[in-house]
Structures are given as structure tokens and as C-alpha cells.
Amino acid sequence: MSSTAFVGQRVKRLEDPDLLTGKGRFLDDLKLPGLLEAAFVRSPFAHATFTRIDAEEARALPGVHAVLTAKDLPSEMQGRRILLQVPHPQITYAVTQEPLATSEVCFVGEAVAVVIADGRHIAEDAAERVVVDWEPLPAAAHCEAALKPGAPATHADRADNIAGRLALGFGDVDAVFRNAAHVVEERYEPHRGTGHPMECRGVVAVHDMAGDAFRIWTSTQTPHNTQRAVIDMFGLAEDRVRVITPDVGGGFGPKNQVYPEELVIPAAARLLGRPVKWAEDRREHFLTTTQERDQIWDVAAAIDADGRLLGVKGTLIHDAGAYLPWGIIMPYISATTLPGPYKLPAYRMAVTVAFTNLVPTTPLRGAGRPQAVFAMERLMDAIAKATGLDPAEVRRRNFIQASEMPYDMGLTYRDGAPVMYDTGDYPEAQAQALAKAGYDDFPARQKAALAEGRHIGIGIGNYVEGTGLGPFEGATVRILTNGRVAIYTGAAAAGQAHRTTLAQICADELKVDISDIDVVGGDTGLMPRGAGTYASRITVNAGSSVRTASAELRGKALALAAAKFDVKPEDLELSHRAVRIKGEQGDSITFAELARMTSGMPGYALPKGVKPDLEASGYFTPPQATYSNGSHVAEVEVDPETGRVTILKYTVVHDCGTVINPMLVDGQVQGGVAHGIGNALLERMVFDADANPLTTTFADYLMPTAEIVPACDIVHMESPTPLNPLGAKGAGEGGTIPAPAAIVAAVENALSPFGLRITDCPVTPQRIVELIRAAEEMSEEDTP
Amino acid sequence: MPDAPPKRKITLTVNGREYTAEAEDRYSLADFLRHALGLTGTHLGCEHGVCGACTVLVDGEAVRGCLMLAVQAEGCQVTTVEGLANADGSLSPLQQAFMDHHGLQCGFCTPGILTTLTAYLRDRPNADEAELREALSGNICRCTGYDTIVRAALAAAGAMREGGQP
């Protein structure tokens with residue numbers, strides 16, 4: 001067996017057999033004796049106050065056990081809000097949600113009461129009978145309007161809607177703009193959508209009166225943050241709160257914070273002395289699960305006569321929604337992501353984070369990056385127009401070169417470390433993408449298509465993405481007395497195949513088959529510290545921990561066997577769940593026997609050299625982010641009559657350092673691009689002027705389907721990072737990040753006969769027809 | 001005080017086994033399978049008939065479990081994801097193709113996609129890629145971007161043509 005029998009191979013997933021046969025165990029599949037079910041009473045207004053909740057009729061319904069309002073919650077919860085995940089000094093008003101609103105609601109769907117009943121149907125019947133004396137207030141429905149003087153305040157006791165301000169930059173921006181050969185200036189408006197994992201959220205809580213202990217199952221990306229929030233709310237010791245993630249049916253970011261339901265359901269379980277479950281439905285998901293991407297960029301680029309960037313300056317308004325569960329991380333990421341793979345001598349970005357009476361925003365696949373890449377790549381296309389250069393050539397002239405790595409961008413990243421690109425070859429990535437996409441032949445293809453009356457276009461999206469963020473993610477690797485290997489990690493999976501990836505890394509160290517390894521993740525009872533599955537960080541963090549812990553465990557197994565056989569560890573090798581003396585007739589001891597040796601016998605001393613642990617733990621703590629990169633090229637056809645866009649070809653060059661399992665990375669990229677196609681063409685969360693959501697079903701909010709998403713042509717470049725023992729970088733978000741930029745550029749290019757410019761997304765069919773009409777009207781006005 | 005919601009006993013066959021259980025008239029077939037019969041392999045993704053995660057086969061036809069009432073399934077033959085494997089418990093050619101081609105990530109939409117394709121490939125074993133993509137357009141998958149699902153379906157169709165079952 002070579003040293004990498006598994007790492008780097010297209011290994012099939014350990015997760016699949018259960019999931020393919022209906023044996024998965026998702027949150028709503030959990031059955032506990034005496035289980036009660038919950039339904040929440042939610043605000044029908046985007047902004048309102050209330051003084052009285054009449055639950056008398058609801059409480060009287062047969063099968064209803066309780067209707068709880070804020071004042072009915074335990075004393076520990078009174079006057080408390082959910083723990084803020086990421087405090088930041090530039091936050092003006094660090095407000096998170098109350099478990100249940102006490103007197104004011106700030107978005108449609110905010111919960112004011114919960115019904116606990118024998119079943120969900122009865123709970124919903126009762127929830128409909130709860131009467132609240134709503135007093136509607138004016139609502140802030142859009143982030144730009146919210147910042148105007150006299151705008152309605154999102155929170156009634158605040159004078160304005162400013163949630164925070166940031167100023168970032170470097171270099172002498174004013175000087176470069178004074179001396180520029182060209183200045184291009186535009187406004188970009190990427191819009192709100194959300195993650196929509198196919199499984200909605202949900203919580204089951206059990207309270208054990210003896211010891212005041214909770215067991216909580218929740219469909220989350222971050223069980224340890226839920227544990228922290230429960231501990232914070234109830235003032236309990238860590239060992240009193242165990243949070244377990246069952247199989248999780250997708251996350252994509254919005255399952256990476258703590259929600260009110262994760263505190264209210266445990267409280268209800270304690271009050272009633274019964275297990276309680278709440279399973280979110282899709283309507284609730286549209287109303288209450290966090291969203292992202294409404295931003296307004298007003299940006300200008302200064303360039304020299306050769307199309308080289310001299311500087312970028314501008315302002316960014318970021319829509320926070322009604323609360324700040326994740327602080328102001330996303331606009332911070334946006335502002336530091338904007339420069340991307342390009343050399344930028346001077347940069348100044350002023351960010352204003354605005355509260356609105358909309359669902360709070362938190363990181364969603366890409367986390368502020370798709371918007372920043374949209375802004376920068378659209379600027380590059382604007383520069384191409386201004387200079388008459390080809391869009392690919394403008395980019396080529398501005399790339400940071402591989403020889404310049406590590407490259408200090410001159411900014412501080414959200415992890416507090418400098419934005420220091422570690423490895424990557426950006427010019428090569430674009431060159432490979434263009435070659436694969438047939439970019440050079442495209443003008444001929446476009447001309448031929450136009451001659452047939454078909455509008456085809458091509459667009460480029462390049463990006464650099466900070467991944468693998470700290471603080472850490474741990475792993476314990478243990479050889480069990482049954483001879484199998486167990487890996488425990490804090491990381492919770494939601495489809496990424498952590499079990500397979502982590503088993504691959506361990507299997508190479510211990511020379512076992514991945515089927516000999518059991519991986520258990522996302523259980524605070526088995527791994528006391530954890531951060532969460534976000535920021536494309538699990539392979540880097542948990543994977544590195546598994547690598548170092550497995551290597552240490554290998555050393556322990558060898559030392560133990562060496563003591564047993566009275567040989568040197570170098571004379572031993574691992575093979576087939578055993579340690580054996582090298583050579584033809586070597587003696588051997590199985591993993592099971594080694595594990596039993598370390599267990600000892602009651603009352604007897606352990607043999608010399610034997611310690612009671614055949615396990616090793618590691619907490620890899622990355623020194624800084626490691627930067628993945630890629631180039632996407634989209635080729636599309638647009639029907640100007642209907643606004644329909646067909647993606648003809650989609651090329652991805654993707655560099656996430658050392659690839660552990662190319663099959664899984666391909667899957668992440670292809671799935672990520674699909675999400676990006678939604679952001680580019682389909683998915684828009686629409687609110688009316690009073691901040692009421694208008695898209696609350698999958699019939700109104702369109703998700704990409706099999707007919708829309710093409711097979712991506714994916715090329716892997718591998719620029720290993722020196723920042724972790726695997727050389728790996730994050731791969732979960734790169735598919736999504738540049739896709740809107742590339743696709744919108746391609747749509748615009750296809751419609752170049754109409755002379756229009758696209759600066760927002762998604763570009764739905766309706767929007768495309770609107771833009772064409774506006775362009776035609778403009779040209780009619782211009783005609784004398 | 002409103003009357004308690006009406007209930008009745010429902011008898012049907014699921015995956016070859018007869019079940020009788022009581023359910024409120026308003027229960028969807030998916031809720032009935034999951035909560036009354038404990039067959040939790042069928043998942044609910046939207047409960048308004050768009051996402052297709054809850055698709056089951058009723059008398060052989062792919063049906064949205066959230067849009068059909070349990071009482072309408074009285075006397076019917078229902079197949080869920082739990083009933084798709086071979087008799088010996090090994091993966092069916094379609095299930096195996098999903099494993100081989102990485103046709104699933106989180107696995108939540110997968111049961112509905114497997115049931116949809118089981119019926120579709122039974123009726124159209126020679127389906128091409130465009131037809132399969134159309135057949136799949138009523139099932140939303142947020143993880144995979146669909147291509148591996150299409151590859152898996154094409155591979156399963158090939159295996160079926162060589163004599164296997166779906």
C-alpha cells in the first residue's frame with residue numbers, strides 16, 4: 001500500500017449506503033417516548049409593537065400542553081438576547097434576537113409565542129388561535145432608503161438604522177485618481193436570496209431534571225455554538241448541555257447560527273418535563289432563516305493608459321436585516337475580497353451596515369464574496385469597454401504573479417491577520433480556463449450565431465477566497481478493542497462527506513481501509529471543543545487535526561508493539577489493522593489486542609511501557625486563512641424576446657491546494673456553480689414597500705433545476721499551501737463565488753447588439769426584457 | 001370548543017407489507033408514512049408540491065407525498081425509498097449508480113429522486129440525457145448541481161437495459 005492509498009483518490013462515500021436506503025436519521029426522523037411538538041406564533045408585520053397576547057382559546061384546545069410567551073419563559077431567559085457570535089468594535093448597535101419577542105417585532109416571522117401540543121397539526125391549530133394586539137409601525141424595507149434622513153427606524157428606540165461602519169484601504173487613492181488616464185465608475189446591486197437546504201431547520205430537546213441537564217439535537221452547522229448559547233442563557237456548566245447533530249440535510253451558511261427556537265424548545269422541554277420537537281416548514285424557512293446578498297456598491301476604478309489598475313475607491317451599503325447574529329463579518333469580508341487576484345496600488349472602501357425590517361443576514365455560501373467579486377469583475381469588464389481591450393486581456397495585465405507569492409494585499413482580513421495570499425497561479429488559472437472554454441474562437445462563434453439570429457455571449461469571473469479560517473477544529477483518533485478505528489470530531493457535516501474525507505486521511509496514516517474507520521462528528525458530548533462548519537474550513541482544520549492525531553497514534557501503536565516484541569519501532573510496520581515485525585515471518589499483534597493491552601486488568605499494574613491510551617487528539621489552529629482561487633468562464637445564449645438564458649458551456653479552473661478526494665471537490669464545485677446560477681439568473685427574495693416578503697414558496701422563489709444547470713467542465717490546479725500539514729485549502733464555496741459575475745457578463749455580452757449594461761443580479765427573464773426595452777428606448781431618443 | 005379533527009383507519013400496502021393505522025383525515029400521505037408508520041425515509045422539503053423530496057410510488061406512479069392525503073391511499077400499493085433495494089438488501093442498480101457517480105451529498109432530496117427515477121426508467125429505459133433532465137426538473141437538489149444525478153441515471157439505465165431491475 002503506497003503512502004497515499006486514499007488521499008488524492010476518487011474514493012466512494014461512506015455516507016451513501018444509509019442515505020440511499022432511507023436509513024438516514026434527520027432531525028424530524030427522531031422519535032422519543034412522550035415527544036411533544038411545537039408550532040410558533042409569528043409576526044405578520046415587518047415592524048410592530050404589542051402589549052397583550054391572548055392564548056386562552058389556544059390553551060383550551062384538546063392536546064395542547066402549553067402556550068408560552070416571553071413572560072412564561074424561565075427566569076434565566078428574562079431580559080436576555082441570543083449571544084452575539086462575532087463582536088466587533090465597529091458595531092454601533094449589537095442587537096440580536098430575543099428568544100421570544102417581548103414587546104416589539106422587527107421582521108415578518110419573528111416569534112412571539114410557542115404552542116406545545118401532542119402533535120404538529122394540533123400545535124398549528126392552536127397557534128392560529130393565539131390573538132396578539134399588534135400595533136403596526138413604519139418599516140425600513142431597503143438598505144439604501146433606510147440610511148436616508150427621516151427613514152423609519154428598524155428598532156423603534158433607535159434614532160437611525162446604522163448597525164456599523166467600516167473604513168478599509170491603503171495607498172494614496174486621491175493621487176492615483178488625479179493622475180489616471182481613465183476612470184470608470186458604476187453602481188452594483190446584488191440581491192438577497194438564501195441557502196434553502198432541502199431540509200429546513202429543527203430542534204429536539206430533552207431535559208433531565210436530575211442534574212438539570214439538556215440533550216439537544218439540532219439541524220445545525222455549529223453544535224458547539226448552540227451549546228455555548230444554551231450555556232450562556234441558562235447559566236449551566238458545559239457538561240450539562242450536550243448538543244448533537246443528526247444527519248443534516250444541507251446547510252450552506254444559514255444553519256451556522258443560533259436561532260431563537262434552539263433556546264425556546266429546550267426551555268419548553270424543561271418546563272413541561274417532556275421531550276419537545278420543532279421542525280421548521282418551508283414557509284417558516286422563507287420567513288425566519290437568515291438570508292444574504294443585498295448590497296449596494298458605488299465604486300470607481302482609476303487606470304493608466306495601458307489598462308492597469310491604479311486604484312479603486314467607493315462605498316458599500318450592506319443590508320444587515322433586523323438583527324446582527326453574525327455581527328458585521330460579511331461586509332468586512334466583501335470589502336477585503338474586492339481586490340481579488342489583481343494588483344491594486346491604492347484602495348479605499350467606506351462601508352455602512354444598515355438595519356432593515358427584513359430577515360437578518362448572515363454568511364451564505366460565499367459570505368459577502370460573491371457580491372465583491374461581482375463588483376470587481378464587472379469593473380474589469382467596464383475597464384475593458386473604456387480602454388477597448390479584451391476583458392481577458394485587462395485581467396491578464398493586472399494579475400498578481402505566482403512568483404510574487406506570498407503576496408501581502410495590504411489589508412487586514414476578518415481573522416485579524418494580514419490578507420496574505422499564500423500560494424496560487426492566477427494568470428495560469430485564467431489561461432487554462434480560457435483555453436478550455438474556447439475563448440479565442442468565441443468571436444467567430446458569436447458572429448456565426450448572430451447571423452442565425454442567435455445571441456450568444458461569454459463572460460469571465462476570477463476570484464480569490466480566504467478559506468480554512470480558525471480558530472480550530474479538533475479530532476480524536478482512537479483504536480478500539482474491537483480492532484476498529486474511531487475518529488471523533490467537533491465538525492458537523494451537512495452533505496460534505498466529512499466521514500469519507502477524514503477517514504481517507506486517517507487510513508493512509510494507520511494503513512487501514514476506510515471501511516475500518518467510524519467517524520462521529522458534531523456531538524459536543526464526544527468532542528468538547530468545536531467551532532463549526534463554515535468558511536470552507538473543515539478539511540483544513542479537522543483534516544489537519546486528523547492527520548496529526550493519526551500520526552501520533554501510529555507512533556503510540558508502534559511504541560506499544562515495540563515494547564511487546566522487544567524490538568525497535570523502526571523494525572515494525574502497520575498492516576491490516578495490526579502491527580507486525582517487518583520481514584517474511586514477522587510476529588504481529590492486532591489493533592484489538594493492542595487496545596486490550598492498554599485497557600489493563602483489574603488490580604494489576606500495566607506492563608512496562610504501556611500507557612492507558614491508544615488514542616491521540618489534535619486541535620489544528622491555522623495561523624491565518626489560506627487562499628483558494630479560480631477562474632470561471634460562462635457561455636450563454638439569450639432569447640431577447642423572452643429573456644430566457646441558456647447556459648451553453650461552463651468552465652471552471654479551481655485551485656484548492658492539495659485535493660483529498662477529487663470526486664468530492666468536483667461535487668462541491670458543480671453544486672456551488674448551481675447555487676451561483678441561482679444567484680445570477682433566478683433567486684431573488686422580494687419584499688414589498690412595507691417589508692413584507694412576497695416570495696415565500698418555491699413557486700415564487702425559483703431554485704435552479706436539472707434543466708438549467710449544465711455539466712461544468714472542471715479543471716483542478718493544485719497549489720498546496722504551506723500553512724497546514726495537508727497542503728489543502730477550502731473547496732466548499734468557490735463554485736458559487738464568481739458564478740454571478742461570469743454569467744451576468746456573458747448575458748451582457750450576448751446582448752451587446754442592444755448596447756446595454758447589467759449591474760445587478762439576478763437577471764431574471766423579466767429583468768432582461770426590461771433592460772432591452774430600456775436600451776431600445778434610449779437609442780430611439782438618441783436617434784435624431 | 002371545536003370538534004376534534006376526524007380520524008379513520010387506513011389500510012394500505014407499503015413496500016410489500018400491509019399496514020393498518022389510524023390517521024386524521026387531513027394527514028398527507030407523507031406525514032402518514034413518516035409518523036404513523038415510522039417510515040422516515042420519505043422526506044418533506046417544501047410541503048407545497050414543488051421540491052419533489054417526498055415523492056413515493058403509488059400503484060407504480062410517482063406521486064408527491066405532500067399533495068396526496070393519506071385517506072386517498074386506502075388500499076393502494078405504495079413504494080418508498082425503504083423498498084427500493086434488492087430483496088437481499090443490496091443496493092439496486094439505481095442506488096448503486098448514485099453511489100458510484102456521487103449522485104448525492106446531504107441525501108435529503110435523494111429518496112424523492114430515486115423514486116422518481118425508478119418509475120421513469122421503468123417506463124423509459126432508453127431515456128437520453130435531455131429527457132432525464134426534464135424528468136428530474138420536478139426535484140430540487142441544492143447540493144449536487146444535478147450533473148452527477150444525471151450521470152447516475154444514465155448508468156442505471158444502461159445497467160437495466162442489460163437485464164437488471166431499476
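How many residues of chain B are in contact with how many residues of chain A? In this predicted model, 46 residues of chain B meet 42 residues of chain A. By class, the side of chain B that touches chain A has 22 nonpolar residues, 15 polar ones and 9 charged ones.

Now look at chain B by itself. The domain assignment gives domain 1 as 7–83 and domain 2 as 93–161. The centres of domain 1 of chain B and domain 2 of chain B, taken over C-alpha atoms, lie 21 Å apart. The two domains touch: 16 residues of domain 1 of chain B and 12 residues of domain 2 of chain B take part in the contact. On the domain 1 side, strand E3 (55–58) and strand E4 (61–64) of chain B each supply at least two residues. E3(B) gives the most to that side, with 3 residues. The domain 1 side of this contact divides into 7 nonpolar, 8 polar and 1 charged residues.

Turn next to chain A, and to helix H16 (residues 662–682). H16(A) has 21 residues. From its first C-alpha to its last it reaches 29 Å. That is close to the 30 Å expected at 1.5 Å a residue. Is H16(A) largely enclosed or largely exposed? Of its 21 residues, 19 are buried, so H16(A) is largely enclosed by the rest of the structure.

Val299(A) sits in strand E17 (residues 295–303) of chain A. Is Val299(A) buried or exposed? Val299(A) is buried, because 21 other C-beta atoms lie within 10 Å, and the cut-off for a buried residue is 20 or more. Which residues does Val299(A) touch, not counting those up to four places away in sequence? They are Glu186(A), Val312(A), Gly314(A), Ala375(A) and Leu379(A). The chain also brings Glu185(A) to this spot: the C-alpha atoms of Val299(A) and Glu185(A) are separated by 5.7 Å. Along the chain, Val299(A) and Glu185(A) are 114 residues apart.

Notes. Residues numbered from 1 in each chain as written. Chains lettered and ligands numbered in written order. Predicted model: local features only at pLDDT ≥ 70, side-chain atom pairs only at ≥ 80, totals over all residues. Domains from an automatic or database assignment. Contact = placed C-beta atoms within 7 Å. Helix = DSSP H or I, 4+ residues; strand = E, 2+ residues; numbered from the N terminus. Nonpolar A, V, L, I, M, F, W, Y, C, P; charged D, E, K, R; others polar. Expected span 1.5 Å × (residues − 1). Buried ≥ 20, exposed ≤ 12 C-beta atoms within 10 Å, placed from the backbone.
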